[in-house]
Amino acid sequence: MKKVGVIGCGSYMDSGYGCPGEWRCLKAAALGEGKFDEPVQVIWHLKCQCPGRSTVSNLDMSIKMSDIKPDAIYVSSCMAYAMPDCPYRSAEELAMVVQEKFGIDVILGTHEYH
Ligand code: SF4
């Protein structure tokens, strides 16, 4: 089974109702729904925190401390499709930086639940 990491928007997690980063990404990953084309194991779920300056270095630590190079990194739907957008960095830009730095595929979005 593939192993993946998920990055979520901490600003949304701290203030959102219905899914404060707790279940939507994890359910989609477990069932192979949404952006997951098969069930996968989530190794870590990293919380981005405004203004996002530590996100890439925290991601580096998640990979090092878990001692598992994920097969893919998913940018959560609440981060990839944020409305209004993140004022600091677009999900596309973050994905490009992560993909270049770690050489790991980055997928924008996780689930399609409402
Ligand atoms: S920097 Fe952007 S993506 Fe990260 S927590 Fe803040 S609003 Fe969310």
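Predicted model: local features only at pLDDT ≥ 70, side-chain atom pairs only at ≥ 80, totals over all residues.
Close-up 1. Residues are numbered from 1 along each chain as its sequence is written.

Close-up 2. Helix α5 (residues 91-102) has 12 residues and spans 16 Å from its first C-alpha to its last, close to the expected 16 Å (1.5 Å times one less than the number of residues). Ala91, Leu94 and Val98 are buried here. They sit on the same side of α5 because they cover an arc of only 60 degrees around the axis, taken from the directions from the helix axis to the C-beta atoms. Turned away from that buried side are the exposed Glu92, Glu93, Met96 and Glu100. (Buried means 20 or more other C-beta atoms within 10 Å of a residue's own, exposed means 12 or fewer, and partly exposed is in between; C-beta atoms are placed from the backbone.)

**Close-up 3. Two cis peptide bonds.** One joins Cys50 and Pro51, with omega about 0 degrees; Pro51 is in the loop between β2 (41-48) and α3. Another joins Met83 and Pro84, again with omega about 0 degrees, and Pro84 is in the loop between α4 and α5.

**Close-up 4. Asp67, a non-glycine with positive phi.** Its phi is about 60 degrees, and Asp67 lies in the loop between α3 and β3. Asp67 counts as exposed because it has 7 C-beta neighbours inside 10 Å.

Methods:
Helix = DSSP H or I, 4+ residues; strand = E, 2+ residues; numbered from the N terminus.
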